[in-house]
Each structure stands twice: as C-alpha cells, then as structure tokens.
Amino acid sequence: MATGLPNYSVSKSVGALNIGGALPGYDTAAGAPDYTPSNALNDKLPPTFRIGQRYTEPLIQPSDLQAHLVLLGAFHRLREEVHTQKGQADFNLEPNESWAVFLQRAVHRFQLWVTRIIDIDDADDNPDQTVPKTRRLSSDECPPIDVIMVWHTYLLSPRTYFEDCLRMHSGLEKMGSFPLLQMCSTIDVETLLPNPPGESRSTLFKSLTGESFDPPTRTTPEDAITIHCPSCSKGISTPWLSHGGNGYAQRGFSAICNIDGGCHMQFDLETLGVRKFYEDMEKCMLDPTRNFLANTLVDHKRGVAIPQLAKELTGLVLKIGPNSRQNSKRPEDLGSDLGWKMKDVERLCREGYLSQRNRPDVATPRALNLILASYWHAGPFSMDLASAGSFIEKMVNLGWTEEGRFEEDTDTLTRCVVRYHAFLDLMVSTPGKFVVPTLDIDLAWHTHQLLCSSYQKLYEIMSIVPDHDDKVTQGAISTAYDQTAEAWKVKFSVPYSVCGCPPPVKSNAVGALKSVFSWKGKGKAVPTTLYNARPDLVSIDDNKADETHPSDHNSVALINPQEENAAQAQLRRRELVRRAKELTRSQDGEWPVVQGKRAVDHTYAFLSPVEYGVKDPFGQYGHGDCSAYSGSGVLGQFAAGECAHGNGQNGLCGALFSHQRGSLVDAVEQGILMASRLTDHFSLDTV
C-alpha cells in the first residue's frame with residue numbers, strides 16, 4: 001500500500017515558539033507509565049557535582065540510564081528481527097541491506113507520525129503567544145517501536161533537534177523532553193519485545209498515517225511510497241525497492257512525473273532536497289522575521305537560539321531586501337528559474353554571501369556549507385535520521401541490555417553518572433578542545449540528551465550546550481582521545497580508560513583503538529595492592545574494564561584517497577604496539593602496568609570502518625552519507641557540510657577541519673566582511 005508524504009507546506013514559523021528558554025519538561029504524572037525503574041540504583045549518587053565553578057544537583061540518575069538501556073535492548077531485538085526476514089527469491093537482501101531499507105521506511109513513518117499526529121497547528125488555542133504551551137503525549141499517541149527508534153536517533157543530535165523543533169516542529173518543541181519512562185512502558189522488559197498495542201492506540205496511528213502499526217520488517221518491490229513531484233507537486237507512487245536500483249530506499253533513486261496531468265520531470269534525492277531549500281526560501285522571503293534557513297538559528301558554539309543573528313545570516317545568503325515579500329516566488333517557479341541541482345543552490349547562496357562576486361578561487365565558506373548540508377536529504381528534517389546500531393551494539397556486547405543486569409550491581413551505572421559529570425567538568429576546564437567520551441560516559445551523555453529540558457539548561461552551567469553529532473575522522477578523534485585521557489589523568493589523578501587500550505606515553509603520541517569486547521582473557525589479574533584514589537571514577541575490577549573503552553561511533557573514514565587511510569591505520573597500529581610494550585616496563589606506579597597487561601588481548605579502535613578497494617563500500621541501500629551513519633560521501637563538487645567525499649569548490653573534507661565550527665556571530669561577521677557592507681540596523685556588539 002502506498003502512503004504519501006505530507007504536503008510541502010507543513011512547517012511552522014518560529015515566531016510563536018519559546019526561543020528564549022529551554023524546552024519544557026515532560027510531566028511523568030500525565031501518562032502514568034507502567035515502567036518502574038529500580039530506585040535503589042540512585043541511592044549511592046552524591047547530592048551535588050562540581051562542573052566548572054558551579055555546583056549542581058545530578059543532571060541525570062542511574063535509573064535513567066537503566067530505562068534507556070531497556071530501549072536500546074528493544075532496538076537491538078528489532079534489528080535482529082529485520083535481519084532474519086527473508087525477501088522474495090528474486091530480491092533477496094543481505095541482513096545489513098534489509099536493515100538499511102527498514103531504516104528508510106522507519107524515517108518515513110516517523111515523519112508521518114510527527115506531521116499528522118504531533119505537529120497539529122494549535123495556534124488558535126493559544127492566543128497569548130508569549131506564554132509557551134506544553135504538550136503531553138497521550139497513551140494512544142505513543143508510536144510503534146521503529147518510530148520511537150528514529151525519534152531517539154533525532155534527539156542524539158541535540159543542536160539539530162532543538163533548531164528543527166523551533167523552526168518546524170511545534171508539537172515536538174512543546175512536548176519537551178523525550179518521555180523515557182512512557183516509552184519504556186511500551187516494552188516488555190523481560191523479552192525486550194514491544195507490548196501489544198491497545199486498539200485505540202493502533203487505530204489512531206493507522207487512521208492518521210495510513211501505515212500499519214506493526215513495523216514493516218520485510219520489504220518487497222510491491223511496497224510503495226507516494227512522493228510528490230518537486231516541480232508540480234503531483235503525487236507519484238514509487239516502489240521502495242526496484243530491480244533497476246532506483247527505488248526510494250536505494251541510493252540510485254529516481255522517478256519521472258508521468259502520471260496524468262504530470263509535468264514529466266525526472267527527479268532524484270538531490271532534486272527533493274533542492275525543493276526543500278526553495279520551500280524554506282519562499283517562507284523566508286514572505287516573513288524574514290519568523291522564518292530562517294536551516295543551521296542559522298541555533299548557535300554552533302553555545303547551542304542557544306539567536307533569532308536576530310539567524311535573520312541577518314539568512315538575509316545575507318538569500319539577499320533579502322525590504323521588498324522581499326513582493327519578490328517572493330513559489331518553490332516550483334524558483335526551481336524553474338534557478339535550477340534543480342544543489343550546485344545551482346550553492347551558486348545562489350555564494351552570490352548572496354560573497355556579495356554577488358564571482359569568485360571561483362574562494363572556497364565556499366564553512367557557515368554556508370553547514371546550511372547547504374541540511375538540504376541534501378529529502379524530508380523535512382535537517383539531517384539524515386536513518387542511522388541506528390553502532391552504539392547500540394556496543395551496549396549489547398557489554399551485556400548491559402540483558403534482563404536483570406543491574407539488580408544486584410548498583411555501582412556500575414552510578415559510576416557512569418559520576419564519570420559523566422566529571423567529563424562535563426573536564427570539558428569546562430578545557431574550553432575549545434574536542435573531548436572524546438568512553439562508552440560508559442557516552443551512555444550517560446546520550447541519556448542526558450534525551451532529557452531536553454535538563455540538557456538545554458547546561459548553558460546556565462557551562463555557557464554552552466555541547467553538541468554530539470559531529471563526524472570526525474579516525475585520525476582526528478584518536479588524537480583528541482589521547483588528549484582527553486592525558487587531561488583526565490592530570491585533573492583526577494586516575495586513568496581515563498583501563499580497558500586495555502594503551503594510553504599515550506608521550507604528549508605527541510597519536511593513538512587509536514579498535515573496539516573488540518570479550519569477557520575472557522584480560523591478561524593477568526589486577527594486583528590486589530593497587531591503590532585506587534578515585535573508586536567513584538574508575539574500578540580495578542577486570543569485568544568492569546570494557547565499559548571504559550573509548551566510544552568511536554561518531555568517527556568516519558575518508559574514502560578518498562583509500563591508500564592514505566590504510567597507511568594511517570597501519571601507523572596507528574604500530575604506535576599502539578609500542579605503547580603497550582612501554583607500559584609493561586613503566587615505573588610510574590601500577591596503573592600503567594595493569595593497562596599494559598590488559599592490552600595483550602585487546603585490539604584497537606578508531607580504525608577505518610571502510611573495506612578498502614571495493615565498489616560501493618557502503619552498499620546500494622539507504623540515503624545516508626558520511627555526515628550521517630553510513631559514511632558514503634556525497635557525489636558532486638558542491639558543498640556538502642561534513643562530507644568526507646568533497647567539500648566546497650576546493651574539494652576539502654569537512655571532517656578534516658581542525659578549527660571549531662564558527663558561531664553565528666562569526667558567520668555573520670565573515671559574510672559582512674566578505675560582502676564589504678555592514679547593515680545600519682544591526683550591531684554585533686549588542687549580541
């Protein structure tokens with residue numbers, strides 16, 4: 001059965017939203033969730049933590065982590081179910097290919113749920129726009145497990161999620177924090193399978209989205225989606241899978257508007273992304289005070305919304321003048337006039353940002369790259385949401401998603417929370433540095449990001465809201481991890497990681513570690529006489545070592561040149577072998593000796609996830625690029641944000657940029673400088 005994408009005009013203006021404050025919190029009393037966490041987990045947590053110069057109550061609780069692990073276990077069971085599904089004999093997919101197709105369909109179902117159930121325009125019910133209205137998720141509105149999984153993925157990019165909520169998704173914005181306990185109540189904690197939905201819950205989802213409540217774990221060429229033509233908006237039924245490789249869930253997607261009354265335009269994913277840009281452009285031209293381009297509203301450095309700067313940056317890019325409303329055009333007309341390729345969009349934006357100068361010698365500025373990157377993906381979201389699995393698998397391999405794992409062990413999750421607060425303290429004490437978490441810290445970090453209201457309040461404590469969606473090359477992230485480990489050791493007087501990954505033995509060491517988890521063979525046991533100055537931050541137990549392994553799920557590999565990747569990986573292996581040998585001979589206490597012994601059966605992380613020298617190393621299914629999950633890169637010579645395939649006219653890789661993302665102030669200043677003009681009505685000194 002074909003189900004259609006929502007009409008193009010579904011975005012809400014940002015003027016009616018709560019820009020100044022944090023997202024509202026979820027009231028657990030509203031849903032009366034059935035899931036009850038183990039309260040004993042929270043008993044050992046300190047009442048306050050120091051982060052920078054301030055003391056704060058715990059930002060998250062160990063019981064929050066336990067609830068989060070229930071969801072992660074359910075997502076893993078869902079993936080296993082998809083992997084075991086068999087397709088038709090003439091279209092048999094490998095397990096990972098089936099999962100890539102499933103994720104595309106899950107994103108579509110999430111889009112339908114958001115736009116047709118959650119983002120209901122209730123402006124008329126809230127005439128006083130200065131008072132933000134909160135929205136609570138009813139039990140009937142709880143979505144299926146695949147939709148929950150995509151929502152979870154979205155929240156783990158907090159800056160993008162926050163900005164998209166303010167720009168487009170009023171229902172999600174008013175809902176506030178992810179209803180973690182309510183979502184857990186939809187899962188059987190013993191089997192990690194979804195509980196059967198009530199009839200009203202199932203009927204609501206099916207009637208408003210046109211989709212079955214049960215996730216589509218098996219896809220055939222007969223399954224279709226309705227896509228709207230970018231040029232004439234006619235609905236076209238398109239298969240998810242095609243033997244020609246041009247189904248909507250395949251990288252080679254293309255379609256022709258050949259229905260009755262259609263315009264006969266041929267379009268692909270790039271064209272759909274361009275259409276999304278022109279829709280936003282039309283809204284910005286009609287009301288530049290309430291509508292902004294993607295990646296302009298929330299400051300990249302601080303994580304807070306600054307509408308005044310968003311207006312200025314959007315105005316620079318689109319050349320919005322006092323008569324913009326009169327000069328606005330429909331998206332269809334913009335496409336006809338300007339073109340349907342991303343290079344046409346980039347040319348338009350460069351003319352505005354560079355003051356109409358044809359400067360092919362000047363690479364597309366980074367602020368502009370970040371804007372354009374949001375329009376490569378089809379759909380209303382500013383990022384590709386078809387990603388789930390990497391971090392989940394690591395939690396499964398640790399055994400943390402198993403039933404009853406923490407019934408007797410109340411220390412592990414408590415230590416996770418304590419280490420996370422210490423990680424935030426380290427982040428404040430090393431401003432401007434890229435810090436890399438370990439797995440236990442990353443679990444706590446992810447959990448905190450789900451609690452939007454609490455996470456946004458980090459600005460009050462740290463003067464920033466840390467983002468978590470940057471994709472960084474293995475070389476850059478391994479170096480940053482070494483620096484994080486050194487800074488941690490200096491600040492807290494205990495090792496950052498004791499999993500067996502050789503820590504840096506020299507300040508200029510370049511390291512990396514590949515994740516292989518095993519409960520067997522950790523070398524020789526830890527000496528019983530080892531002095532542990534901070535048992536709240538590190539355990540001497542061999543069975544607790546793997547949880548401190550560095551988290552590498554956000555690293556990407558350059559796919560060109562492949563030989564350079566392989567050579568760098570070989571150098572890192574040699575360096576780590578040298579470190580391990582030096583650790584076993586270290587005279588600097590017993591911790592280095594322990595780490596050296598544990599390195600015997602440990603292999604290395606941050607090595608390339610790409611199989612070198614093969615065609616289509618990321619497969620032929622799914623839409624993701626390297627800035628999302630798969631690492632495929634983006635074709636063409638236009639800007640692609642964080643693309644590792646080529647970025648801007650100089651072909652630079654966004655993942656190689658050593659400097660931080662610039663703030664909105666930096667972007668506006670750069671645009672004004674390059675345009676050689678400063679608006680009289682706007683002063684950067686007032687920001």
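**Close-up views of a predicted model**

**View 1. Trp151 and its surroundings in the largest nonpolar core.** Setting aside residues within four places in sequence, Trp151 is in contact with Phe110, Trp113, Leu137, Tyr161, Leu172, Met175, Phe178, Pro179 and Met183. Please keep in mind throughout that this is a predicted model. The largest nonpolar core has 97 residues, and the members that touch the most others are Phe110, Trp113, Trp151 and Trp488. A further core of 45 residues lies apart from that one, and Cys229, Ala294, Leu348 and Leu368 are among its members. As general background, nonpolar side chains tend to be buried together in soluble globular proteins.

**View 2. Arg109 and Asp146, a buried charged pair.** Here Arg109 and Asp146 form a salt bridge, with 2.5 Å between the closest N and O atoms. Arg109 belongs to helix H3 (residues 95-118) and Asp146 to helix H4 (residues 145-155), so this pair ties together parts that are 37 residues apart in sequence. Both Arg109 and Asp146 are buried. Glu211 joins the picture too: Arg109, Asp146 and Glu211 are linked in a network of salt bridges. The structure as a whole holds 24 salt bridges.

View 3. Glu163 and Arg159 form a salt bridge whose closest N and O atoms are 3.7 Å apart. These two residues sit four residues apart in helix H5 (residues 158-167), so about one helical turn separates them. Glu163 is buried, at a relative accessible area of 2%, and Arg159 counts as buried at 6%. Arg159 also meets Asp467 in a salt bridge, at 3.9 Å from N to O. Since Arg159 lies in helix H5 and Asp467 in the loop between helix H19 (458-462) and strand E8 (472-473), the pair ties together parts that are 308 residues apart in sequence. Asp467 is partly exposed, with 21% relative accessibility.

View 4. Cys263 is partly exposed, at a relative accessible area of 32%, whereas Cys284 counts as buried at 1%.

View 5. All five of the five residues in strand E4 (residues 224-228) are buried, so the strand is largely enclosed by the rest of the structure. Ala224, Thr226 and His228 point one way from E4, while Ile225 and Ile227 point the other way. E4 pairs with strand E5 (residues 235-239) in the antiparallel sense, over five bridges. Within that pairing, Ile227 stands opposite Ile236 in E5. The two strands form a hairpin with six residues between them, and Ser233 in the turn has a positive phi of about 70°.

View 6. Glu332 is found in helix H12 (residues 331-338). Is Glu332 buried or exposed? Glu332 is buried, with a relative accessible area of 13%. Leaving out neighbours within four places in sequence, Glu332 is in contact with Pro230, Ser231, Ser233, Arg275 and Trp340.

Definitions and conventions:
Residues numbered from 1 in each chain as written. Predicted model: local features only at pLDDT ≥ 70, side-chain atom pairs only at ≥ 80, totals over all residues. Heavy atoms only, no water. Core = buried A, V, L, I, M, F, W, Y, C linked by side-chain atoms within 4.5 Å. Buried < 20%, exposed > 50% of the residue type's maximum accessible area, 1.4 Å probe, protein only. Contact = heavy atoms within 4.5 Å. Salt bridge = Lys/Arg side-chain N within 4 Å of Asp/Glu carboxyl O. Pairing = 2+ DSSP bridges.
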